[in-house]
Amino acid sequence: MSAALWALVVLPALAGGALLLVGRRAERVAPALALTVAALVAGLAVAVAPARPGIDAPFLAGARWGLAVDGLAALVVPAVAAVALLVLAYAAAEIRSDRSRFHGLMLVFLAAVLLTATATTLPVLLLGWEIMGAMSYALIAFHWRRDDAVAAGGTAFLTTRVGDLGLYLAAGAGLAGGTLDLTGLAALPTGWRDLAATGVLAAGFGKAAQLPFSFWLSRAMLGPSPVSALLHSAAMVAMGGYLLVRLHPLLVATGWAVDVAAWGGALTALALGAVALAQSDLKQLLAASTSAQLGYVVLGAAVAPAGAVAHLIGHAATKALLFLAAGAWLTALGTRRLSALRGAGRRHPLVGAGFAVGALALAGVPPLALWATKDEVLAGARERSPVLYLVGLAGALLAALYAGRALALVLRPVPPGAEAGYDTERAGTREVAAGQRVPLVPLVPLAVGAAVLGALALPPLSGAVAGAVGAGAAPPVRGADLALSGLLAVAGVTLAVAAPTRLPAPAWARAWLGLDPAARLLVVRPTLALARGLARFDDRVLDRAVHAVPGAALGAARGLARFDDAVLGRGVAAVPVLTRRAAEALARVDDHGVDALVRRLARAARRLGALARRPQTGLIHQYYVQVVLVLGAAVLILLLAR
């Protein structure tokens, strides 16, 4: 099954890349191709979940290419693939222009999410994480001719990038500690382990839009509705929580990281619940609720990993359903304002029914998906700290209020003069998906998922989920806790339905806690001021220094030239005179000394030669006499020497 695991990631990546490269020439076939590939990916996801294949191959020096479908991935990967298939089915009719670019980006994004979900080593995780972030920017800024859409994509990308740096910090700590395997981070030496946990928390909080990163979700709502339905349900935002669940052993090993994750998630659920309650824009309400509901996933990653996974899966179906319904109304009525959407559920009953199921699930009304899953997380919080449990419970009450408020407005009778509030965002068609019923089909399975996925947190499935996640037995969920949260949800929805316009909406909550201005004040402005200061330093100091170098070089050259003319030139001119005089002196020495000596030696050699010729008479008897004399001299010398 390793081939199926390869195909799970490679198939959407290749198909998406091909659509992006071919461009407009594939406009007509892009939706069908994307749907076919998404269906194949969904089939592969279902096939690999029980088989649990793994891949371990050489990748980088000191690191391996590690992919695996373990128990955790076996739960999440099919959910991601199923939601992606349903969203792309809706988008086939919703997206009318730049289809090849849209579907290409969505497929590459899906491949990156699946790579992230199945990665077992940090290099592979970083690869999937980076591609996922880049594709999210391109999808949020899909309408690139609009400055606000491009700015929104930039805000989302740069904000999450700040958190993403933590993943590189974790990778550096792992490399220094001797392992790049995700399972090995919990066993790092204490200092490196704490550093890795810090980085993982930053990365997870950034992607999951937890405090203080939450505001990027507000800007991301300028992307197409199918983008919101995928990115903010089962994909990028969910991957932030998934990362923390995956590295739960690391959080536990440090001790302090568990508390940071738990309190960060709980406070986000509470604060962003208040933000959602104050919104007058449906997509902004859903965006804030995404951050709040992911707060329960992050809280669960610390105290109840099995509950976190169940809540993540239930939230994926619920939020995809709600975003697609909001997108359908935006297409039909041209507005996202809640006041203008009064009666929208009655004008379009199928969309209204799906939205009602999703809103009640979001509120935590029994027995729908997010009721039991949230309570399993809260059970873990109760064992950790009673205060933590109360904060989470307060967030659940806010969820019931904001979901009930939205539900009350869209299901009310259509008021007189409702048409005056339409077309504030764009020209509406007055019919969902241009009169086609087929695009609404994805709402049905999503509504079923939002209704029944809460069973993952109830026996007997809760035990199976806990065993698959591998984090030990889930904290027991008491019947009293289930009843309490159910009553709170029903009470909150009832209150909101009775008086949807009288619920509190303070300005600080409506403005997303002022997080965006605070980020600009504390991060953006100092960064830009530093950049401007460095630019001025470059212009006034470094640039002038660079420009001064040629002038100084020319001045030095002129000085050297004058020195050459005044000193070295004269010295060089004097050299021939001195050389001539020295040559004349050497010539005289040669003539009167060396040459005379050579002549004397020659005369002496001639005399010796004349003397040597004299014994050479040619007479043999004279040669004998010479031999006798020589021998006699030799004997005499020998005798004297002895």
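These entries record what I looked up on one helix pair, the pockets and the cavities of a predicted model.

**Entry 1: helices H1 and H2**

I began with helix H1 (residues 2-22) and helix H2 (residues 30-51), whose axes come within 9 Å and cross at roughly 170 degrees. Angles over 145 degrees count as roughly antiparallel, and H1 and H2 are therefore roughly antiparallel to each other. I then listed the residues in contact. From H1 I noted Ala4, Leu5, Ala7, Leu8, Leu11, Pro12, Ala15 and Leu19. Their counterparts in H2 are Ala30, Leu33, Val37, Leu40, Val41, Leu44, Ala45 and Val48. Sorted by class, this contact has 16 nonpolar residues, with no polar and no charged ones.

**Entry 2: the largest pocket**

I next looked up the largest pocket, which has a volume of about 630 Å³. I found 28 residues in its lining, and those nearest the centre are Glu94, His143, Arg146, Pro224 and Arg426. Helix H3 (71-94), helix H9 (225-231) and helix H14 (305-333) are the elements that each give two or more residues to this lining. By class I recorded twelve nonpolar, six polar and ten charged residues.

**Entry 3: the second largest pocket**

For the second largest pocket I noted a volume of about 450 Å³. It is lined by 19 residues, and Thr159, Phe215, Ala519, Val523 and Val524 are the closest to its centre. The elements that supply two or more lining residues are helix H6 (147-177) and helix H23 (515-613). I marked H23 as giving the most, with ten residues. The lining divides into 13 nonpolar, four polar and two charged residues.

**Entry 4: cavities**

I then turned to cavities; a search of the whole structure finds two of 30 Å³ or more.

The largest cavity has a volume of about 40 Å³. I listed its lining as Thr116, Ala117, Ala119, Leu125, Leu182, Tyr242, Leu243 and Arg246. Helix H4 (99-118) and helix H10 (236-246) are the elements that give two or more of these residues, and H10 gives the most, with three.

I recorded Ala363, Gly364, Lys374, Leu393, Ala396, Leu397, Ser485, Leu488 and Ala489 as its lining. Two or more of these residues come from each of helix H18 (386-411) and helix H21 (479-498). This lining divides into six nonpolar, two polar and one charged residue.

Definitions and conventions: Residues numbered from 1 in each chain as written. Predicted model: local features only at pLDDT ≥ 70, side-chain atom pairs only at ≥ 80, totals over all residues. Heavy atoms only, no water. Axes fitted to C-alpha atoms, helices over the stretch in contact; angles between N-to-C directions. Helix = DSSP H or I, 4+ residues; strand = E, 2+ residues; numbered from the N terminus. Parallel < 35°, antiparallel > 145°, perpendicular 65-115°, else oblique. Contact = heavy atoms within 4.5 Å. Nonpolar A, V, L, I, M, F, W, Y, C, P; charged D, E, K, R; others polar. 1 Å grid on protein atoms, 1.4 Å probe; cavity = no way out; pocket = protein on both sides within 12 Å on 5 of 7 lines; lining within 4 Å. Points joined across faces, edges and corners; volume = space filled by probe spheres on them.
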